[in-house]
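Here is a short briefing to read alongside the model. Have the sequence and the 3D view open, and follow along residue by residue.

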Amino acid sequence: MVALDQLLAFERAGYVRTPRLLNRNDVHDLASSLRGLYHDHEVRAAEQKTRVLCGEEVLAEAQMRGGSSPTALLREYRRRLGALPDGSVPFFQLFNLWRESDAVARLVRSPELAGTAAELL
């Protein structure tokens with residue numbers, strides 16, 4: 001249950017901290033799951049940005065130097081994207097992770113989170 005002071009804080013700031021809303025172990029498991037998912041998306045997004053902003057030739061060079069390691073590829077893509085003028089590389093964001101991760105799907109469908117969201121809205 002959301003306390004009145006938390007509800008008012010949410011109204012003022014647009015967010016509120018709700019300590020102990022989620023189980024610490026569940027959050028730890030979720031974080032582990034999300035790290036891998038985030039990294040996979042980040043590599044694919046950096047590849048696409050390199051292709052669009054730098055061209056196929058630069059992309060091929062980055063892929064040759066990066067080899068088959070996703071971490072090395074990401075480093076190569078970042079190096080090339082980092083050479084572009086400030087503001088020319090769009091930011092990275094993820095959408096609908098609940099479609100790709102069972103852990104996220106369980107979280108967004110949890111009664112605790114849904115109940116708190118219903119109270120706040």
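R20 sits in the loop between α1 and α2. This is a predicted model, so please read each point below as a description of a prediction.

- R20 has a phi near 65°, a positive value in a residue that is not glycine.
- R20 counts as exposed, because its relative accessibility is 77% and the exposed class begins over 50%.
- For background, most residues other than glycine have a negative phi.
- N96 also has a positive phi, of about 50°, and N96 is not a glycine either.
- You will find N96 in the loop between α4 and α5.
- With 38% relative accessibility, N96 counts as partly exposed.

**Overall fold and shape**

- The chain contains six helices and zero strands.
- Following the sequence from one end to the other, the pattern reads α-α-α-α-α-α.
- The radius of gyration of the chain is 20 Å, whereas a compact globule of 121 residues would have one near 14 Å.
- Along the principal axes, the C-alpha trace spans about 60 × 30 × 20 Å.

**Surface and charge**

- Of the 121 residues in the chain, 25% count as buried.
- The accessible surface of the chain is about 8900 Å², and carbon and sulfur atoms make up 55% of that surface.
- Positive side chains number 16 and negative side chains number 16, with the centres of the two sets 3 Å apart.

**The aromatic pair**

- One aromatic pair is present in the structure.
- Y38 and F92 are the partners, in an edge-to-face arrangement with 5.1 Å centre to centre and 75° between the planes.
- Y38 belongs to helix α2 (residues 24-54) and F92 to the loop between α4 (70-82) and α5 (102-108), so the pair ties together parts 54 residues apart in sequence.
- Y38 counts as partly exposed, at 38% relative accessibility.
- F92 is likewise partly exposed, at 25% relative accessibility.

- T50 is part of helix α2.
- Is T50 buried or exposed? T50 counts as buried, because its relative accessibility is 0% and the buried class covers values under 20%.
- Which residues does T50 contact, leaving aside neighbours within four places in sequence? The contacts of T50 are G55, V58, L59, Y77 and L81.

- E11 lies in helix α1, which covers residues 4-13.
- E11 is exposed, with a relative accessible area of 57%.
- From E11 to M64, the C-alpha atoms are separated by 52 Å, and these residues are 53 apart along the chain.
- E57 is in helix α3, which covers residues 56-66.
- E57 is exposed too, with a relative accessible area of 70%.
- From E57 to L84, which are 27 residues apart along the chain, the C-alpha separation is 15 Å.

Technical notes. Residues numbered from 1 in each chain as written. Predicted model: local features only at pLDDT ≥ 70, side-chain atom pairs only at ≥ 80, totals over all residues. Heavy atoms only, no water. Helix = DSSP H or I, 4+ residues; strand = E, 2+ residues; numbered from the N terminus. Rg over C-alpha atoms; globule rule 2.2 N^0.38 Å. Buried < 20%, exposed > 50% of the residue type's maximum accessible area, 1.4 Å probe, protein only. Areas by Shrake-Rupley, 256 points an atom, 1.4 Å probe, with all protein chains shown as cover. Lys, Arg positive; Asp, Glu negative; His and termini not counted. Charge placed at Lys NZ, Arg CZ, Asp CG, Glu CD. Phe/Tyr/Trp six-rings, centres within 6.5 Å; stacked < 30°, edge-to-face > 60°. Contact = heavy atoms within 4.5 Å.
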